[in-house]
Structures are given as C-alpha cells and as structure tokens.
Amino acid sequence: MVNYSEVSGYPLVQHWKLKSIMYHIRLNQWTLSQAFNAAVHSLDGATLRSDYMSVLKDFGNHFVQEAVYGFEEMCTIWYPNKQVQRQLWAEYQDISKGNSPSDESEEREKEPKTLTFPAYIASLLDSGAKRMAAGVRMDCGSQGQCPSSCHLCHMSPGTGRSMEPVLLQITKAAPLYELISNNETQRALQKAMMSMLWCSGSGEVIDDWCRCDSSAFGVDGLPTCAALPHPVLRLSHAYEPSSSLVVLEWEHTEPPIGVRIVDYLISQEKVTERTDYSKVETEAMLSFVDDILSGTKSPCVMLGGIPDQLTSSISMIIRCLEPDTTYMFRLWAVDSTGRRSRSSEVTVKTPCPAVDDVKAQEVADKIYNLFNGYTSGKEQQTAYNTLMDLGSPSLHRVLYHYNQRYESFGEFTWRCEDELGPRKAGLILSQLDHLSGWCSGLLQEPKIGLRRVSLKYLACRYTDTKSFGLNWVDLSLDIRKACEEQVLAVLYNDYGELKVL
C-alpha cells in the first residue's frame, strides 16, 4: 500500500554517493590455480553439460581483467514528505553558500571548506532538532579510507573500515572459457556458460533464443528454461495521484537472448472493503498493445511515455477514477510463447475530491446576498439550484465560508431551512453525507489551495502493433508518428498553510 497523504505528499528517499577512484588496475598476465587446472583437465567434448556447469558454479563464468579501487561513501536519507525535504534543502543551500569562496582569485592552495548535505543532516540529528523527530532519519556507510585530498567526505562514525583502497567496480571482464587452450573443451564450456546465463542451465542457446530440454516444460506445455523478467509496477515519481487520476510506471527489460516480451497486461481493481484488501472488484483488464497503443480505451487510459534510446521506462495514465477510493493495480509481462510473469502490485487510495475554494467563497457570498432581507420566490429558487449543483465537496466549503463570515446573521443550516423549507433544505444538506469522515475533516481546514499541473500524454490511434514482432526500441519512432502529444490539466488541493515550493 503506497504510504501517500494528500496533505503532506509522498514520503521521499534520497541517496547521496561520493566515489574517489585512486587506482585503476589492469591484469596483464595470469597464473591458473591447481584446482582450476585439475577441474578443466577432467573435461572433454563428451562431458555432460551439468559437469561443465559445476565448474562454472565453483569458479565463476568470468574473470576480472580491469578494475578500479578507491573510497566510496553512501548515505540514504528518509523524509516524511516532500515539504520537509525541500525546506531542509533550501536551508542547506543558504548555509553552504557561505562556505565556498566567492572570489575565484582567492588562494587556490587554501583547503576549501565544504559542508556536504549529509553533514548538515547529521548536525541536525546530533542537535536533536524537532523536524528530525518528525520522521527524518539518515543511514550512512563507507568503504575504504577517504583520501586527505578529498574535501567532500562525510565519514560516518564507526570502526571496521579498511585503511586500504577497496574494489569499487569491475570495468572489464572476460569469459572463463578464454582461459582454456583446448578448442573442443573451450566450445563445450562456452555452450554450458551460455545455457547457464540465458536458459537456466536447462536448454541450448540457438542464435538469440533458448531451445529448452524436454524436462524444462510446465504443466501448461509452455517452455520454462528461459526466465521471464518480472517488471515492477510503481507510482510515478513525478506526478502524485489526483482525486481521479494516477500515473503508473515500470521499466521495460528484455534479455538479448531467450525471451521476447510482446505485451503487458494491466488490471485495475477497486477495493470494496478497506479493512480487507483481499475483497476487490475487477473493473478492467487491459492489454498494453491492443488497448493502450491502439487508443481504444481512451479517454480513461492514455500513454505517458515509451522506451527509446534514452530510457527504458513505460508510463501509463489512468483516469476516470473515483475520489477517496482504494484501487489495486497489477502488471504482468507476456512473452512470445504466451507465458505470463508473476504479477507486480500497487495499491493506492485516491485523494479527496478537488475543490475550488475561491469559487466556494464566492458562492457563500452569493447565498448570503440571496438570503439577506426579504427573499422572493425567484431568489429562493436561484439559491436552491445553485446549492444543488455544487456537489458535496464544494457544499462543505460553502457552508464553512458562510458560517465563518455570516454566522452572526444565522447559521447556514438554519438559514437554508428557514428560507427554503425543510424538504428542500434536507435535499441540499443530505449531500454533505456523501463524503467520508476523512475528507469532510480536510474540508474544515482554514486554507485550501488549488494547484493545476500540466501532464503530457500521447493520444494514440496506433494499429500496426505487430504483436509477435514488436521492436521496443524502434517503437518510440513509430508511435510518435501515429500519436499526438497533448497536455492534460490535473487539479490538486493543498490543505492548510501553503507548501514550500
């Protein structure tokens, strides 16, 4: 369940990393161990694949040719919401401006004073600042010893760090079979390694696909030797849920050998009992290729972004959702054999209905003017029609503003009954019960701001989907020829004091 609140926004996790490369190591010559020589000499072209794979499991499938050594420090900072992170970052920028030399002509040999963001957070944690108790925490770790020439280090306290540079990254590796001089054994070891990497060790690599062994088929008759990627569904990091819209994302990953993803399936379910997430109503099952690329499900489902040479992310915009309602979304990948991956789920409650507080205040003034003094039948009917057309959220705000300004002339509920009669007043006031207690409470906030965010999407009528030959890299160019980029206005409410932007 996504821990999201329309009051404070998303929780936020921030990662900070500092890397200092001190040595670049290259392997020019090597000596094979006795154990490796003994294992390889027992192999030949007639040896079973499983025997070759046991050697690979013992010694690995690649050996290191080049690597970098040095120091690395990583910090992870958790914030309860975006507002706290923005406030801390603004404070840090103000403070850090005084730490860097303002004049470039200052002595360069002078060691610069640099306050890193993790060091600033650590100072607040040490001082016991109130905002830290409100949910900000930080965890840091490091490898190796920070070089004295690096002024950006924020060494986390603790012992056990190596004083020597540590292995940070392998920059070049070669397959293990290159160490074998016998051509027949080398080819057999290469085939076994390809089988282990791409076919789970239960099939042979033929060109760019896996020919599974007879034992590597499921009860449904579909091959199982090539592992199907498991896409992870998530809410968009850039666009928060609105009262009627969510933006979902996942990374498209397709191995170069063994699996061809031809479609994604997305289900949308409404949770009918919030205390029991197992009780849901299936509302829709969408095919990414047949329903979303073709545009047949528009305007409720739209394409946000697709993989290209710069990104592998796919984003999908789902509209027409009910406010203050819990939904569960599931995602499956489908390959060319018809197999489905295991599902990935996101459960989220949409925010309360968006209201325009400025208009609600204008309506409150209008109703007061209609009720003030002698009220004619025409004015009463105008007031009744106006209030009936508002809807529950706006009516809550009209009631709030009316009582804030004009309660001394009579409370809103009483004035409606007095001017319109019990029956019409009852019809109007019964709308107030259409909202949950949570949303009704939010609508009692002194200030409710209205934000409009522009969301780009692709309006598609793409028909040449080629389900069993979909080229995901070239799809971006084809899609943009058949899709029109449009902008959607999304409304959000900010409750209470305005957020720090």
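**Aromatic pairs, a helix crossing and selected residues**

A search of the whole structure finds 14 aromatic pairs, where rings of Phe, Tyr and Trp (its six-membered ring) pair if their centres lie within 6.5 Å, and planes under 30 degrees apart count as stacked, over 60 as edge-to-face and the rest as tilted. This is a predicted model, in which local features need pLDDT of at least 70 and side-chain atom pairs count only at pLDDT 80 or more, while totals for chains, interfaces and linings use all residues. Residues are numbered from 1 along each chain as its sequence is written, and side-chain values use heavy atoms, with hydrogens and water left out.

**Aromatic pairs**

- The rings of Trp250 and Phe288 have their centres 5.9 Å apart and their planes at 80°, so this pair is edge-to-face.
- Trp250 lies in strand E8 (residues 246-251) and Phe288 in helix H7 (residues 288-293), so the pair ties together parts that are 38 residues apart in sequence; helices (H or I, at least four residues) and strands (E, at least two) are DSSP runs, numbered from the N terminus.
- Both Trp250 and Phe288 are buried, a term that means under 20% relative accessible area, with exposed over 50% and partly exposed in between (1.4 Å probe, protein chains only).
- Phe288 also pairs with Tyr264, and because the ring centres are 6.4 Å apart with the planes at 85°, this pair is edge-to-face.
- Tyr264 lies in strand E9 (residues 261-271), so its pair with Phe288 in helix H7 ties together parts that are 24 residues apart in sequence.
- Elsewhere, ring pairs link Tyr368, Tyr402, Tyr406, Phe409 and Phe412 into a cluster.

**Packing of H9 and H11**

- Helix H9 (residues 377-388) packs with helix H11 (residues 412-420) at an angle of about 130°, their axes being 10 Å apart; axes are lines fitted to C-alpha atoms, for helices over the stretch in contact, and angles run from 0 to 180 degrees between N-to-C directions.
- Gln380, Tyr384 and Leu387 in H9 meet Phe412, Cys416, Glu419 and Leu420 in H11, where contact means heavy atoms within 4.5 Å.

**Two aspartates with positive phi**

- Asp207, with phi near 55°, has a positive value in a residue other than glycine, and this aspartate lies in the loop between strand E5 (203-206) and strand E6 (209-212).
- At 70% relative accessibility, Asp207 counts as exposed.
- Asp324 also has a positive phi, near 55°, and is placed in the loop between strand E12 (313-318) and strand E13 (326-335).
- At 9% relative accessibility, Asp324 counts as buried.
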